[in-house]
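Hi,

Here is the structure I promised to pass on to you. Have a look at it first, and then read my notes below.

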Amino acid sequence: MFSVQQYSTDRNEGYSLLLKQLSALLEGETNATANLANASALLNQFLDRVNWVGFYTFEEETNQLVLGPFQGLPACVRIPLGRGVCGTSAQNQETLVVKDVHEFPGHIACDAASQSEIVVPLVKDGKLLGVLDIDSPEKARFDEIDQENLEKFCEVLLRYI
């Protein structure tokens, strides 16, 4: 296992290795829950300065995101579309990078330690499946490099769920 800290001079190189590791880890497995669990564990080991890494899956019947596999403290179980960072990202089907969660209107505070957040929607064949949610206890933890590479991570993951 490696971490992004090992690649501080070229974070893209570290992320590239992460994508290869994700593909190798998920190859041949068809169970979405198992693959989401391993993906969250992999990210939790790879990323530094994070306090929560996980997935919310979309439940069409209720129009809500429901807590899925994650690493971190217990979390909110249900999030309506359009509410908080996760619900807004899911509704708009766009990645959100929030430098200070306390400035985000309607932020849902599941962990008081969280200061910044990135949420990447999981959309396959035009259908919302859920979101990847990562929190950090540092303000402005996530940047364009993280966004670009975590979107690629989700593209790889979507092949296996």
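Contact here means heavy atoms within 4.5 Å. Helices (H or I, at least four residues) and strands (E, at least two) are DSSP runs, numbered from the N terminus. Please keep in mind that this is a predicted model, where local features need pLDDT of at least 70 and side-chain atom pairs count only at pLDDT 80 or more, while totals for chains, interfaces and linings use all residues. Residues are numbered from 1 along each chain as its sequence is written, and side-chain values use heavy atoms, with hydrogens and water left out.

Let's start with helix 1 and helix 4. Arg11, Asn12, Tyr15, Leu18, Leu19, Leu22, Ser23 and Leu26 of helix 1 meet Ile145, Asp146, Asn149, Leu150, Lys152, Phe153, Val156 and Leu157 of helix 4. By class, this contact has 10 nonpolar, 3 polar and 3 charged residues (Ala, Val, Leu, Ile, Met, Phe, Trp, Tyr, Cys and Pro count as nonpolar, Asp, Glu, Lys and Arg as charged, and the others, Gly among them, as polar). The axes of helix 1 and helix 4 (residues 144–158) come within 10 Å and cross at roughly 15°, which makes the two helices roughly parallel. Axes are lines fitted to C-alpha atoms, for helices over the stretch in contact, and angles run from 0 to 180 degrees between N-to-C directions. Angles under 35 degrees count as roughly parallel, over 145 as roughly antiparallel, 65 to 115 as roughly perpendicular and the rest as oblique.

How do the axes of helix 1 and helix 2 cross? Helix 1 (residues 11–26) and helix 2 (residues 32–46) have axes that come within 11 Å and cross at roughly 150°, so helix 1 is roughly antiparallel to helix 2. On the helix 1 side, the contact is made by Gly14, Tyr15, Leu18, Gln21, Leu22, Leu25 and Leu26, and on the helix 2 side by Asn35, Asn38, Ala39, Leu42, Leu43 and Phe46. These residues divide into 9 nonpolar, 4 polar and no charged.

Now for the whole protein. There are 4 helices and 6 strands, and along the sequence they follow the pattern α-α-β-β-β-α-β-β-β-α. The C-alpha atoms fill a box of roughly 35 × 35 × 25 Å, taken along the principal axes. Buried residues make up 48% of the 161 residues (buried means under 20% relative accessible area, exposed over 50%, partly exposed in between, with a 1.4 Å probe and protein chains only).

Is Gln115 buried or exposed? Gln115, in the loop between strand 4 (96–98) and strand 5 (116–124), is buried, with a relative accessible area of 17%. Leaving aside residues up to four places away in sequence, Gln115 touches Lys99, Asp100, Val101, His102, Ser136, Pro137, Glu138 and Lys139. Glu103 lies in the loop between strand 4 and strand 5, but Glu103 is exposed at 65%.

Finally, a note on phi. Most residues other than glycine have a negative phi. Gln93, in the loop between helix 3 (84–92) and strand 4, has a positive phi near 50° and is partly exposed at 38% relative accessible area. Asp125 sits in the loop between strand 5 and strand 6 (127–136), has a positive phi of about 50° and counts as exposed at 76% relative accessibility.

Happy exploring!
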